Amino acid sequence: MGRDVRSLPAPPAVSKLLVKGLVGSVRKRGARVSGLPERSYLLMDQKQDLAQLAAYDKVCGFTLRDDVPGTWLHVQTFPLQAALMAEDDFPFSLAGLVHVSNEMALHRPVSVSEKLRMKVWADNLRPHAKGAVFEMRGEIHVGDELVWEGRSNYLAGGAKVEGEAVATERLAAPRVEPSQLWRLPANLGRQYAAVSGDSNPIHLSPVTAKLFGFPRAIIHGMWTHARALAALGGKLPPAYTVKVQFAKPVLLPGKVWFASEQEGDDWSFAVVNKEGKPHLVGQLTARA
């Protein structure tokens with residue numbers, strides 16, 4: 001049986017979806033899960049907001065160009081992801097999910113003037129040693145051309161799924177010393193929330209972060225991902241596949257170090273703490 005495709009007239013308001021997800025968190029916590037909704041959300045002919053892109057680029061360290069960052073395209077799909085995960089029949093609570101990894105493919109440069117057709121769905125539910133993992137998948141077309149696709153892997157701690165957990169292969173960090181130091185202000189989570197729409201309470205203030213077990217606010221994993229790509233600057237190939245794995249959360253305010261190593265047109269990179277322990281490890285491969 002095929003997926004139920006639901007076409008939305010406009011991007012959903014993420015802040016309202018997060019509130020809905022928090023309200024339903026108790027009911028969904030620790031439940032045994034047999035599957036994910038066979039549903040996808042579709043948004044047609046979506047214009048990109050140039051002012052929002054300029055603000056996003058500033059917060060993440062990109063220079064403003066006509067061609068948009070690959071991580072910006074992820075941000076465009078995020079309201080659809082949140083809408084799907086906030087549905088009553090979605091088995092996991094938005095409030096308890098941990099972003100484990102992200103992978104995306106930019107098939108060709110995408111201009112800010114191009115209209116986007118976006119689709120998201122949930123897939124690949126499987127057991128994990130700490131609960132269950134699943135993927136939020138996304139595709140973006142310009143006209144009939146697939147220009148971007150991505151998958152975000154989430155962990156639902158304590159969830160129960162039939163089957164045997166499979167260990168995830170860890171990406172290798174670069175073998176060089178860090179070349180950049182990033183100083184992250186206490187309000188960086190609020191800055192990124194304003195340009196991305198992701199206003200999860202764990203990112204906004206020490207008070208709201210402590211409600212979920214963090215001593216201080218933590219920065220979004222997708223900010224760290226975007227800032228790492230921005231750090232590569234003009235050396236990014238025009239089309240690429242990039243995968244990152246998130247490790248230790250980055251507390252705000254804080255300092256982190258960035259290391260990168262190039263081999264041909266490909267890169268390995270990492271964001272680490274002062275002891276060299278990774279917050280994020282990534283690999284980028286140029287596409288033909």
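Begin by selecting Trp182 and Arg227 in this predicted model: Arg227 lies over the face of Trp182, at 4.6 Å from the ring centre. Then select Lys119 and Trp121, where the charged end of Lys119 sits over the Trp121 ring, 5.3 Å from the centre of that ring.

Next, colour the strands. Strand β5 (residues 116–128) runs antiparallel to strand β3 (residues 39–46), and five bridges join the two; if you pick Gln46, you will find that its bridge partner in β5 is Leu116. β5 is also joined to β6, again in an antiparallel arrangement, by ten bridges, and at one position Met118 stands opposite Ile140 in β6. Follow the chain from β5 into β6 and you trace a hairpin with two residues between the strands.

Now turn to the aromatic rings, for which the count comes to ten pairs. Because Phe90 lies in the loop between α4 (70–85) and β4 (97–106) while Phe134 belongs to strand β6 (residues 131–142), the pair ties together parts that are 44 residues apart in sequence. Both Phe90 and Phe134 are buried. Select Tyr56, Phe62, Trp72 and Tyr192 together to see one aromatic cluster.

Finally, highlight residues 190–274, where the unreviewed UniProt entry places the feature "domain: MaoC-like". The span is 28% helix and 28% strand, and its end C-alpha atoms lie 24 Å apart.

How values were computed. Residues are numbered from 1 along each chain as its sequence is written. This is a predicted model: local features need pLDDT of at least 70, side-chain atom pairs count only at pLDDT 80 or more; totals for chains, interfaces and linings use all residues. Side-chain values use heavy atoms; hydrogens and water are left out. UniProt positions are given in the numbering used here, feature names are shortened, and annotations may be inferred rather than shown by experiment. Helices (H or I, at least four residues) and strands (E, at least two) are DSSP runs, numbered from the N terminus. Rings of Phe, Tyr and Trp (its six-membered ring) pair if their centres lie within 6.5 Å; planes under 30 degrees apart count as stacked, over 60 as edge-to-face and the rest as tilted. Buried means under 20% relative accessible area, exposed over 50%, partly exposed in between (1.4 Å probe, protein chains only). A charge sits over a ring if NZ of Lys or CZ of Arg is within 6 Å of the ring centre and within 35 degrees of the ring normal. Two strands pair if DSSP finds at least two bridges between them.
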